[in-house]
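Biologist: I have not looked at this one before. Can you walk me through it?

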Amino acid sequence: MVWAVAAALLANVLYSTGFVLEKRALAGLPPLSAGRPGRAVLLLAGSPLWLGGAVALALGFAAQLAVYRVLPIAAAQGLFVTGLVLLLLLSSVVLGERLTAGERRGLAVIGVALLMMLASLHDGTEPIARTAPAGPLLALCLPTLALGLWLYGTAERRARRHGDRAAPTGVVYAVAIGLVYGVSSLAIKGVSGQLATAGPGGAVPALLRSPYPYLLLLTGACGLVLSQTALQRCRASLIVPVCTTVTCVFGVAGGTVAFGEPLPQDPLRLVLCLGGTALALAVVLTLPRHQTDRPAPEGNRR
C-alpha cells in the first residue's frame with residue numbers, strides 16, 4: 001500500500017510537470033486546430049520542450065499503471081487528484097496564470113469535494129477487479145466518448161461564432177477532455193488488470209482480444225489533439241483541474257459500474273463519496289463558460 005501511494009504521488013509530480021512544460025511550449029507554436037490533427041501532431045513533434053513534457057506524461061502513465069494493480073479505481077483516482085495542488089502552484093509560478101475570484105472559489109469547493117472523496121476511500125479489504133465484461137464496458141465508454149467529442153465541437157463552434165467578444169474560459173473544453181480521459185482511465189485499469197493476471201507470454205494475446213488497448217489508442221489520439229488545442233487557448237490552471245475532476249468522477253462511477261468494484265459499505269464513507277461527487281459536479285456545471293473582461297489567450301491572437 002505504501003509504495004502504491006508513493007507511485008501515485010510520483011505520477012502527480014510527472015503529470016503536473018508535463019502539463020506545465022507542454023503549456024510553455026504551446027505558447028511558442030502557431031495556433032493548433034482540432035480539425036487538422038495531422039498538422040497539430042507535426043507541430044508538437046517539432047518542439048523539444050513539448051516533447052519533454054510528453055515524456056514526463058508518459059512516465060506518469062507508467063506510474064499510474066502500477067497504482068491500478070494494487071488499488072481499486074476509486075482509491076486510485078482519489079490519490080491522483082491530490083496532484084491539483086502542485087499543478088496550480090506550478091501554473092502560478094512558472095506560467096504566471098491568475099484565476100478570477102469566482103474561479104478561485106469554485107476550485108476551492110472542488111478541493112473540498114475531492115477531499116471528501118479521498119476520505120471515503122476503501123480500507124483495502126474490498127476486492128480489486130481486474131477485468132470488465134466487454135459489452136457493459138463498451139456500452140458505457142462509447143457514448144461517453146461521443147459526448148465528449150460533441151461537447152468539444154460545441155465549444156469550438158461557440159468560440160468561432162463569438163470570437164474575442166466571448167473568450168472561452170476552458171470549462172467546456174475541460175469537461176469534454178475529462179470525459180475522453182475518463183474513458184482512458186478505464187482502459188488503463190483494464191490493461192493493468194490484464195498485465196497483473198496474465199503471464200508474460202499470455203499478456204499480449206489477452207490484451208489484443210480485449211477492448212482495452214483499442215480504447216486506449218482511440219482516447220489517446222483524441223485526447224492528445226483536443227487537450228493540446230485547448231491548453232494553447234486557455235489557462236492550464238483551469239483546464240487541468242476541471243478535466244481532472246470530470247475524469248475522477250467518471251472513473252469512480254465507471255469503475256463501479258463496468259468493473260463491479262463496490263462503493264464503500266460504511267454509511268459515512270458512502271455519504272462522503274457520493275456527496276463529494278455531487279459537489280464537484282455542481283461546481284463544474286456552474287463555472288462560467290465564457291468571459292468578456294479580458295482579451296483572448298495568446299494562442300487565439302496569433
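Biologist: What kind of model is it, and how are residues numbered?

Modeller: This is a predicted model, in which local features need pLDDT of at least 70 and side-chain atom pairs count only at pLDDT 80 or more, while totals for chains, interfaces and linings use all residues. Residues are numbered from 1 along each chain as its sequence is written, and side-chain values use heavy atoms, with hydrogens and water left out.

Biologist: How many helices and strands?

Modeller: The protein has 13 helices and 2 strands. These are DSSP runs numbered from the N terminus, with helices being H or I over at least four residues and strands being E over at least two.

Biologist: What share of the residues is buried?

Modeller: Of the 302 residues in the protein, 50% are buried. Buried means under 20% relative accessible area, exposed means over 50%, and partly exposed is in between, using a 1.4 Å probe and protein chains only.

Biologist: And what part of the contacts joins residues at least 24 apart?

Modeller: That part is 86%, taken among contacts between residues at least 6 apart in sequence. A contact means heavy atoms within 4.5 Å.

Biologist: How many residues are in the largest nonpolar core?

Modeller: It has 37 residues, and those with the most contacts inside it are Tyr152, Tyr173 and Ile239. A nonpolar core is a set of buried Ala, Val, Leu, Ile, Met, Phe, Trp, Tyr and Cys residues joined through side-chain atoms within 4.5 Å.

Biologist: Which elements give two or more residues to this core?

Modeller: They are α1 (2-26), α2 (37-45), α3 (48-68), α7 (134-162), α8 (171-197), α10 (212-233) and α11 (236-258). The largest share of this core, 9 residues, comes from α8.

Biologist: What does Ile239 touch?

Modeller: Not counting residues up to four places away in sequence, Ile239 touches Gly170, Tyr173, Ala174, Ala230, Leu231 and Cys234. There is also a second, separate core of 26 residues, which includes Ala7, Ile73, Tyr212 and Phe259.

Biologist: Switching topic, how many salt bridges does the count come to?

Modeller: The count comes to 1 salt bridge. The rule asks for a side-chain nitrogen of Lys or Arg within 4 Å of a carboxyl oxygen of Asp or Glu. The side chains that meet are those of Arg233 and Glu156, at 2.1 Å from N to O.

Biologist: Where do Arg233 and Glu156 lie?

Modeller: Arg233 is in helix α10 and Glu156 in helix α7, so the pair ties together parts that are 77 residues apart in sequence.

Biologist: Are Arg233 and Glu156 buried or exposed?

Modeller: Both Arg233 and Glu156 are buried.

Biologist: Now the largest pocket. What is its volume?

Modeller: The volume is about 920 Å³. On a 1 Å grid over the protein atoms alone, a pocket is an open set of points where a 1.4 Å probe fits, with protein on both sides within 12 Å along at least five of seven lines, and lining residues have an atom within 4 Å of a point. Grid points are joined across faces, edges and corners, and the volume is the space filled by probe spheres set on the points.

Biologist: Which lining residues are closest to its centre?

Modeller: Of the 34 residues that line the largest pocket, the closest to its centre are Tyr15, Phe19, Leu57, Gln64 and Tyr181. The largest share of the lining, 7 residues, comes from α10.

Biologist: How does the lining divide by residue type?

Modeller: The lining has 20 nonpolar, 13 polar and 1 charged. Here Ala, Val, Leu, Ile, Met, Phe, Trp, Tyr, Cys and Pro count as nonpolar, Asp, Glu, Lys and Arg as charged, and the others, Gly among them, as polar.

Biologist: Back to single residues. Is Lys23 buried or exposed?

Modeller: Lys23 is buried, with a relative accessible area of 13%. Lys23 is in helix α1, and its C-alpha atom is separated by 7.1 Å from that of Ala236, 213 residues apart along the chain.

Biologist: And where does Thr131 lie?

Modeller: Thr131 lies in the loop between α6 (101-119) and α7. Thr131 counts as partly exposed, at 41% relative accessibility. Leaving aside neighbours within four places in sequence, Thr131 is in contact with Gln194, Tyr212 and Phe259.
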